[in-house]
Amino acid sequence: MESCALRPSGDANQVNYLGQSRGLCRECGDRVEVRYVARGQRVYLERLCPKHGKHDALVAGDLSWYLEAMSHDVAPCPPRKVRAEKQAPCPDACGPCLFHGQRCHLPVLPITNACNLRCPICFGYNRSAPYFMPPEEFAKRLDFLLEATGGVDLINITGGEPTLHPQLLDILRLAKRPGIGRITLNTNGLGLGRRPELAAALAELGIYVVLSLDTLHRERSTVLHGADIVDDKQRALATLQKHAIPTTILHVLVAGVNEDEMPSWLDLLAAESFVRSLTIQTMTYTGQGGSSFGPRRPIPVDEVERMIEGASAARIKVSDFMPLPTAHPLCYGVSYLFSDEAGSLHPMTRLLSKTEIAGMARDGYLLHPSDESNAAMKVALDRLWSEGAEPDILRILKNMLTALYPPGPPIDVYQRQRAAERFVKTIFVHAHMDEDTYEVGRAMRCPDQVVMDREHLVGACNFNLIYRMPDPLFGAGR
Amino acid sequence: MLADRTIVVTGGSGAIGAAIVRGLAAQGAHVALTYKRGKERAETLQSEITALGRRCLVAAVDACDGKAIEGFAARVESELGPVDVLVNNLGSTQVLPFALIEESDWDEMLSVNLKGLFLFSRAFVRGMIRRKRGVIVNLGSLAGHRMLEVPVHYATAKAAVTGFTLSLAKEVSRYGIRVNEVVPGLIKGGVGLNVTDRQLAAYNEHCSLGRPGRPEEVADLVVFLASERASYINAQSISIDGGI
């Protein structure tokens, strides 16, 4: 993509062309020309299909934010293993191809297409004849994943609804092997609430749960999930809390439906020690349910960050977010936060610069402290202390150090990692692409890659928009 | 070398303490050791020592509780006999930068590391004076002698071990009691387990032998100082750091 430097003028009528690339036509699926255009302060992706004409989609609500985000350093980390030869331009030779700009940091492994819900917002496909991946096949895919990546911080096991898989625990045990750090399991939570023994088993195995939680309003639940499942969600939360299972709340933000619930999710993140992370995923209008869901209004990353600033009474500001170094700025924003048992959240940016934080996040989603970051942390800590600023952060840091280095024999590196997680929480803002916002420059930097078979890792949005549909197991089968 | 001597090792369940206990027992000593949290390790060690044919007593003793220490001293003398050697090994640290050390941390660190040194010494020196013989070996640290990246309160406490050793030696050497200090550098398995890769590399760069020490190497020095072979060594701080 070409780009040009410019300063936001503040003139609402001014048009600036920011760059040109390739995308998809929603109607025909053809690869078409797209361009980023600023109109006043808003940034759009415009596409031009020779057959279906022109269309635009909002990708950033604020040009200043866009320019600042695009200027961030990225962590260039090409895949270790790529598809042999690039046979076609992106996205048609994904696997990934040798032009892909990011290694796989979040491998996604779907293990079933079965689901006990029919959510109108879902971008997956439920099949009438459910498929449950045999553990042997799962193990083979893990072999390939480890060969392709050399090891990963975390994996994500998903579906359909993976807790419906009759051999789920066998699969999770297979995932506990050298080269794989954290095992995360996506779920809609219905199984957790209804089968308490499942949560106990997950806790025993040290699994991290990613709980879909889009609303706690009954009417909205019906709009989003096709059924009122609020009680199930409440039970799932209580079960996760009871078993102290580290949990990410995965919230799909849908324009015009659940935007006003943001304070609840922030409160949950702050107040509950078992809730370690909040991922706000903006609605993507594709897939079985999502493609016909309306009204269609994509919410860009920066708009979500502004919502969070408003919902948190500016305790967490837009400036406390940064692009995830391993992804495209229009795809992922992240804020790392110090947290304590008292239910307070303090953005890490109050202590460290974004460059310093990015230095710890260059290998994916989890922070990896280094000698440099530790040195920066000490200098920052001295600065706060000498200025008498941020006493809460100093208190949290002290509690964290005491937990990391307890009296008596030292704890091992994994115990230390677990101890640190209690004090650092995260908010990810994740904007998947749909056909309206798809642009190959974003796809080519995707760190979330679906283990599609035993020899291909495909970027998540490439999978959702292009490769899933013809997949005989996880697509529409056509 | 130490046949039938009765020796007390404080903090005997940690990496260095356990190596010292094993080293002393291997030379024929009966050992009483204290621990704070390492009950299981202490009891395993006790089985190991008694299997050698030595007597071994283990006890959880709070280093800041004078009465408990006096009681422990009486129990040792009663069960193992008069104490010939006291090894003041127990110590504790917190990984905290100066900015985060509060008054309570300072008090706790100096209390555990120094008050314990004082209370155990007082409890056992009394009998040594009566018998007009005895040996005390105090474990200090390179942190008290060199400019290192260690918590300030820990370094302060360890530096004080040197002053304690010198003045106590001056007071009790007239009774034939020798008091020395062993000053370890970075030792594997000790507090050194908390060092980062960068700190380890920096240590190795400044260490002539280019490596951290082993607990058994510290134990060998303690065994030597506890024995009659060190009969003319008194009021010394002896470094064991690979040459810094």
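Me: What makes two residues count as being in contact, and how many residues does the contact take from chain A and from chain B?
Reply: Two residues are in contact if their C-beta atoms, placed from the backbone, lie within 7 Å. The contact takes 15 residues from chain A and 13 residues from chain B. This is a predicted model, in which local features need pLDDT of at least 70, side-chain atom pairs count only at pLDDT 80 or more, and totals for chains, interfaces and linings use all residues. Residues are numbered from 1 along each chain as its sequence is written, and chains are lettered from A in the order in which they are written.

Me: Which element gives the most to the side of chain A that touches chain B?
Reply: That element is α12(A), with six residues.

Me: Why is chain B called as compact as a globular protein of its length?
Reply: The globule rule is 2.2 Å times the number of residues to the power 0.38, and the radius of gyration is taken over C-alpha atoms. For 244 residues the rule gives 18 Å; the radius of gyration of chain B is 17 Å, close to that value, so chain B is as compact as a globular protein of that length. Its C-alpha trace spans about 45 × 40 × 35 Å along the principal axes.

Me: What makes a residue of chain B count as buried, and what percentage of the 244 residues do so?
Reply: A residue is buried if 20 or more other C-beta atoms lie within 10 Å of its own, exposed if 12 or fewer, and partly exposed in between, with C-beta atoms placed from the backbone. In chain B, 49% of the 244 residues count as buried.

Me: Among contacts in chain B between residues at least 6 apart in sequence, what percentage join residues at least 24 apart?
Reply: The value is 75%.

Methods:
Helix = DSSP H or I, 4+ residues; strand = E, 2+ residues; numbered from the N terminus.
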